[in-house]
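This report covers a metal site, a sheet with its packed helices, and a group of aromatic side chains.

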Amino acid sequence: MRVLVVEDEIRLAATLQDLLEMNGCTADVCHDGEAGLDNALSGIYDVVLLDVMLPRIDGFTVLRRLRESGSAVPVLMLTARSEVSDRVTGLDSGADYYLTKPFEPKELLACVRALARRQPELRGGVLTCGDLKLEKDAFILSCGERSVRLSRKEFDMMELLMLNQKQVLTKESLLLKIWGYESDAEDNNVEVYISFLRKKLSHLGSEVKIKTIRMVGYCLEGGGE
Ligand code: CA
């Protein structure tokens, strides 16, 4: 799970990042509202933790712009103790949940998990496309009687392709969603993993293919309607 932390108190931001990473999330940090909004708009996060009082753009404005641009990413607002009117403003601007500072680490983690669960298509179960089945807990891709286990990155990539069957995914978005901002992975990594997946699809004998759209990206073909 990838979480964005938008918090200008450097120490609190670092603590949140550590806490999330110790609990199996990947966490990126922004220290002002402008950078926070930019990153949140990338669409690569499962949950955003958003402080209210922020430099450049305040948390409420960030949230409102995020919602205006059509993003439904779950947002957990972090606000100073007992600012009741803040809570009302935040709910009006489309926050999913509030936590007042200081909060218990356990409480924060429980909120993050609960919010991430609201995106059911991202957790557990089976995805299908044409004759292909992707078992999300076991990382197994199968077609009829044949099946292969995918590596973590292959799985992430196949999942994105299957969740966006009618869209072309750009190399850049695959790179961001799978490797994140902080990595030094290059476009080339995407090509490498696409070629691994193509080999596995052909081994499975699936009618589904990964089609290259020149200069744009990739999409699945052969999944039917
Ligand atoms: Ca603040």
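Helices are DSSP runs of type H or I with at least four residues, and they are numbered from the N terminus. The model is predicted. In this numbering, helix 8 spans residues 187-204 and holds both Tyr 193 and Phe 196. The two residues are 3 residues apart, about one turn of the helix.

**Aromatic side chains**

The count of aromatic pairs comes to 3. Together with Trp 179, Tyr 193 and Phe 196 form one aromatic cluster. Phe 196 has a relative accessible area of 34%, so the residue is partly exposed.

**Calcium site**

Which residues coordinate the calcium ion? The donors are Asp 8 (OD), Asp 51 (OD) and Met 53 (O), at 2.0 to 2.3 Å. Along the chain these donors follow the spacing D-x42-D-x1-M. The pair of Asp 8 and Asp 51 links distant parts of the chain, 43 residues apart. Asp 8 sits in the loop between strand 1 (2-6) and helix 1 (10-22), while Asp 51 belongs to strand 3 (residues 47-51).

| Residue | Relative accessible area | Class |
|---|---|---|
| Asp 8 | 27% | partly exposed |
| Asp 51 | 3% | buried |

The cut-off for buried is under 20% relative accessible area; Asp 51, with 3%, is therefore buried. Asp 8, with 27%, is partly exposed.

**Sheet and helices**

Strand 3 and strand 4 (residues 75-79) pair in the parallel sense over 4 bridges. The open sheet is made of 5 strands in the order 2-1-3-4-5, with parallel pairing. Its edge strands, strand 2 (26-30) and strand 5 (97-100), each pair on one side only. On average, neighbouring strands of this sheet are turned by 20° against each other, direction ignored.

Helix 1 packs on the sheet and touches strand 1, strand 2, strand 3 and strand 4. The direction of helix 1 makes about 170° with that of strand 2. Helix 2 (residues 33-40) lies across strand 1, strand 2 and strand 3, and runs at about 160° to strand 1.

Notes:
Residues are numbered from 1 along each chain as its sequence is written. This is a predicted model: local features need pLDDT of at least 70, side-chain atom pairs count only at pLDDT 80 or more; totals for chains, interfaces and linings use all residues. Side-chain values use heavy atoms; hydrogens and water are left out. Donors are N, O and S atoms within 2.8 Å of the metal (3.2 Å for Na, K and Ca); water is not among the atoms, so sites may look incomplete. Buried means under 20% relative accessible area, exposed over 50%, partly exposed in between (1.4 Å probe, protein chains only). Two strands pair if DSSP finds at least two bridges between them. Axes are lines fitted to C-alpha atoms, for helices over the stretch in contact, and angles run from 0 to 180 degrees between N-to-C directions. Contact means heavy atoms within 4.5 Å. Rings of Phe, Tyr and Trp (its six-membered ring) pair if their centres lie within 6.5 Å; planes under 30 degrees apart count as stacked, over 60 as edge-to-face and the rest as tilted.
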